[in-house]
Amino acid sequence: MLRDITLGQYYQTESVIHRLDPRVKLGGTLLYIISLFFFKNFYGYIVAAVFLAVVIRLSHVPFRFMVRGMKGILFLLIITVVFNLFLTPGTALVSVWKITITVEGIRMAVTMAIRLTMLIIGSSIMTLTTTPNNLTDGMEKMLKPLGIFHVPVHEVAMMMSIALRFIPILLEETDKIMKAQLARGADFESGNLIKRAKALVPLLVPLFISAFRRANDLAMAMEARCYRGGEGRTKMKPLVYHKQDRIGYLCICLYLAAGIGIGRL
């Protein structure tokens, strides 16, 4: 299951979405996520689903690869649906003992499931089609106005990019350690909750040691390359908007106008 998590991974291929400026993808992803919370009916989600399907098609990233990444949040998705289904007050539809399912609860559960699914897939498209270096440059450019308030924009963007890039690395390391411990007779499945938690100790200790070692190696590599932060640094490949990026912004604006307009009727 750990290998199924796609957040933070980059899928190497050639597509229109891959060639877009990272600022377009970052801004578009943020606006797409925000728009999901403005819809008042399911017509808006249909527009969002169509827009997402078109972007996935243009990205040339296999849809099954993105769906595979949903396995990691399946438990969170189930909890969200169950809580909204049974704890939302309203018109009772089914009542058994103290458990009541309402019409509003079903509507809220379905809505939250759709939102969470689209949110994860939409965010995954951004990381799957953007290299870590471009993602860092895009974040830095978009956060640059915060430099007026003495916010270390370059350092913040660098930390966010490194943290995002470390997700698949740590997941792969966890998978290797887990397989090694299983080969030595470790059991992570049987027993009650306390026993399972204790069984994770042989997994967490080497994982933390490996993470600290990788962080130390990265710090030494950055020092060896005379990294001193963003002040005075130049870009080998500065970000420049092209015609396709302006078209991308136009498509995002058209989606927002159509989605929010239809979704709030």
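I started with the lining of the largest pocket, which by class has 13 nonpolar, 13 polar and 11 charged residues. A reminder to myself before going on: this is a predicted model.

**Entry: the largest pocket**

I looked up its volume and got about 1000 Å³ of space. The lining has 37 residues, and those closest to the pocket's centre are Pro 132, Asn 133, Asn 134, Thr 136 and Asp 137. Which helices supply the lining? I noted helix 1 (16–19), helix 2 (22–35), helix 7 (132–143), helix 8 (153–183), helix 10 (201–224) and helix 11 (243–263), each with at least two residues.

**Entry: the second largest pocket**

Here the space comes to about 470 Å³. I found 22 lining residues, and Ile 17, Leu 20, Phe 51, Val 55 and Ile 252 lie nearest the centre. By class, the lining of this second largest pocket divides into 15 nonpolar, 6 polar and 1 charged. Helix 1, helix 2, helix 3 (42–59), helix 6 (103–128) and helix 11 each give at least two residues to the lining of the second largest pocket.

**Entry: cysteines**

How many disulfides are there? I got a count of 0. For my own notes, a disulfide is a covalent bond between the sulfur atoms of two cysteines. I then checked Cys 253, and its sulfur is 9.3 Å from the closest cysteine sulfur, the one in Cys 251. The cut-off for a disulfide is 2.5 Å between sulfurs, so the sulfur of Cys 253 is too far from that of Cys 251 for a bond. Cys 253 counts as partly exposed, at 47% relative accessibility. I also looked at Cys 226, which is exposed with a relative accessible area of 55%.

**Entry: the two strands**

Next I went to strand 1 (residues 92–96) and strand 2 (residues 99–102), which run antiparallel and are joined by 4 bridges. I wrote down two of the partners in strand 2: Thr 102 for Ala 92, and Thr 100 for Ser 95. The hairpin has 2 residues between the strands, and Trp 97 takes a positive phi near 60° there. Is strand 1 buried or in the open? Of its 5 residues the number buried is 0, so strand 1 lies largely in the open.

**Entry: Thr 29**

I picked Thr 29, which is found in helix 2. Its relative accessible area is 13%. The limit for buried is under 20%, so Thr 29 is buried. What does Thr 29 touch? Not counting residues up to four places away in sequence, I found Gly 122, Ser 123 and Met 126.

**Entry: Tyr 10**

Tyr 10 sits in the segment before helix 1. I have Tyr 10 down as partly exposed, with a relative accessible area of 30%. Leaving aside neighbours within four places in sequence, Tyr 10 is in contact with His 18, Thr 127, Leu 128, Thr 129, Thr 130 and Thr 131. I also checked a pair of residues set apart along the chain: Tyr 10 and Val 240 are 230 residues apart in sequence, and their C-alpha atoms are 22 Å apart in space.

**Entry: Lys 237**

Where is Lys 237? I found Lys 237 in the loop between helix 10 and helix 11. Lys 237 has 66% relative accessibility. Exposed means over 50%, so Lys 237 counts as exposed. For distance I took Leu 116, which is 121 residues from Lys 237 along the chain, and the C-alpha atoms of the two are separated by 35 Å.

**Entry: two histidines with positive phi**

I went to His 60, where phi is near 65°, a positive value in a residue other than glycine. His 60 is placed in the loop between helix 3 and helix 4 (63–68). With a relative accessible area of 49%, His 60 is partly exposed.

Then I turned to His 150, which is not a glycine but has a positive phi of about 60°. I found His 150 in the loop between helix 7 and helix 8. Is His 150 buried or exposed? At 73% relative accessibility, His 150 counts as exposed.

Key
Residues numbered from 1 in each chain as written. Predicted model: local features only at pLDDT ≥ 70, side-chain atom pairs only at ≥ 80, totals over all residues. Heavy atoms only, no water. 1 Å grid on protein atoms, 1.4 Å probe; cavity = no way out; pocket = protein on both sides within 12 Å on 5 of 7 lines; lining within 4 Å. Points joined across faces, edges and corners; volume = space filled by probe spheres on them. Nonpolar A, V, L, I, M, F, W, Y, C, P; charged D, E, K, R; others polar. Buried < 20%, exposed > 50% of the residue type's maximum accessible area, 1.4 Å probe, protein only. Pairing = 2+ DSSP bridges. Contact = heavy atoms within 4.5 Å.
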